[in-house]
Amino acid sequence: MSSTTYSVELAKSSRASCKKCKSKIEKDAMRIGTHTPRDDFDMTFWNHLECFTLPRKMVQQGVTAHDFVRDNLRDDSGDILPSRADEIAEILEAKKAAVAKSKEDGDNESSAGKTWLAEIKSRYDATQDDKPSASKKTKDDMSILVETYGAIHKLSIADLKEILQWNRQHVTGTKPVLMIRVLDGALRGRLARCTLCEGGRLKLHDDGATVTCSGAFDEERNVRVACQYHGKAESAPRWQPWLMKMPTKEEDEEMDRLIAEAKGEAPSTSDSDPAIADLIKQANKLDLELHNNEGIKKATAAIYKLLKSCSKLIDLPDDEGDAKHKVGAMVAANRSQPVADIVRSLVNELGFREAKDDKAAKKQAALKDSCKCPENLPVVSAFQALAEFYFKEGNRNGGVVHSKVATALQNLDFVVTPENAMSLGKGAKTKVANIGAKSAEKILEFVSTGQIEKLEEKRANEA
């Protein structure tokens, strides 16, 4: 029999982290301790009440949440039990139900994928008895899937993984799962990099219908940026073509370019763009001296005027003074370079406004696709933006906490309002996992005023 014991208390400080969600447990928040004896000491792990799950062996033995609280949970202070026993039991019971549903959803997901695969196999088998017919100019989705199934159903797991590797896709899973990924790719194209976290690898789930992203690793700050993208396979971002044979050198290089561009590691502008080519041509005509302050001042004004004249709108700051300051800084730092190279560097750094607007629109579309209740998109976007600021600052804890809040909000199936916002962070029946009291205050602030002061501060500091 296990000698592990369990206790409940109000956190004495904010130093301990939750074993489940890894975030700090705020002072005075209710937490459950798991105490396991070792040779000379007890090893203790702490969990938020909302993150704690009943031990598996107890669940298998039929122990309910109320049984656990009554028979296994101790309160050394006497301030919580027995007065709050029912409240704790209800939260633990809700967590138990959520865990069971998650397992059921996983089983259903696998079952749905196998059903889809079985339907394609059935259609393929049926075609083997039919006489060949004249090929159609256009093929419907099922025809593409059946044709692809015929090409891959006898392949080994290693061969299927090779096809997925050619297309830079995930290669883990059983043979049916790998076949589902190849079939999806043949129908819709390669899953592109995530537009929400800008670089994360999208993954097709076993059901063949759901795509998610676990986030991207920020090498500069050495942190993993969490992502809550959750969308449908048919609306997920794609790249073409899907490759059924080893890519050529040119195809490999194009995939490398697309991935680097999606991750912000490569310039999205090129001299092959007519607007850029014309800009560089005009820059080569400028006769500028960059050897003294007066020359740099004149060059700044001339290059600013040139950038403003570009047929494609370059994303210069709206304020003329700020724009000239940015141009002047680049000129001063590269005074030994040809003017055309300075202009090219400025365009690569600033980018085109249309491209940035398009990127922002795709990001909003990805968030909207992930929201169960579209009306909550603005507040989800606010917390996603706040999380990104924290990650950029190197504050991983702040980034993770706000990212989890965004995920929790996008999974709500009801509209968040000023009337229910605070209840998301407290209460046995209304508390939402990963939303604490302080986060609830920010949610209330946003749904009441349309903004979060902390987010506006960070945006102002970045400007």
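**Figure 1. Packing of helix α9 against helix α10 in the predicted model.** Two packed helices are described by the angle between their axes and the distance between the axes. Here helix α9 covers residues 293-308 and helix α10 covers residues 320-333. The angle between them is about 120°, and their axes lie 9 Å apart. Angles from 65 to 115 degrees count as roughly perpendicular and angles over 145 as roughly antiparallel, so α9 is oblique to α10. The crossing of α9 over α10 is right-handed.

**Figure 2. Residues at the contact of α9 with α10.** On the α9 side, the contact is made by I296, A299, T300, I303, Y304 and L307.

**Figure 3. Helix α7 and its buried residues.** Helix α7 spans residues 249-262, which makes 14 residues. From its first C-alpha to its last, α7 reaches 20 Å, close to the 20 Å expected at 1.5 Å a residue. M255, L258, I259, A260 and A262 are the buried residues of α7. These buried residues pack against α5 (157-166), β5 (190-191) and β11 (238-239). After α7 comes G264, which has a positive phi near 75°.

Figure 4. Most residues other than glycine have a negative phi, and most peptide bonds are trans. P82 sits in the loop between β4 (73-74) and α3 (85-127). P241 is placed in the loop between β11 and α7.

**Figure 5. Positive phi at D28 and R168.** D28 is not a glycine, yet its phi is positive, at about 75°. D28 lies in the loop between β1 (5-10) and β2 (30-37). Its relative accessibility is 52%, so D28 counts as exposed. R168 is not a glycine either, and its phi is positive, at about 60°. The loop that holds R168 runs between α5 and α6 (175-188). With a relative accessible area of 27%, R168 is partly exposed.

Notes. Residues numbered from 1 in each chain as written. Predicted model: local features only at pLDDT ≥ 70, side-chain atom pairs only at ≥ 80, totals over all residues. Heavy atoms only, no water. Axes fitted to C-alpha atoms, helices over the stretch in contact; angles between N-to-C directions. Helix = DSSP H or I, 4+ residues; strand = E, 2+ residues; numbered from the N terminus. Parallel < 35°, antiparallel > 145°, perpendicular 65-115°, else oblique. Left-handed = near helix turned anticlockwise from the far one by under 90°. Contact = heavy atoms within 4.5 Å. Expected span 1.5 Å × (residues − 1). Buried < 20%, exposed > 50% of the residue type's maximum accessible area, 1.4 Å probe, protein only.
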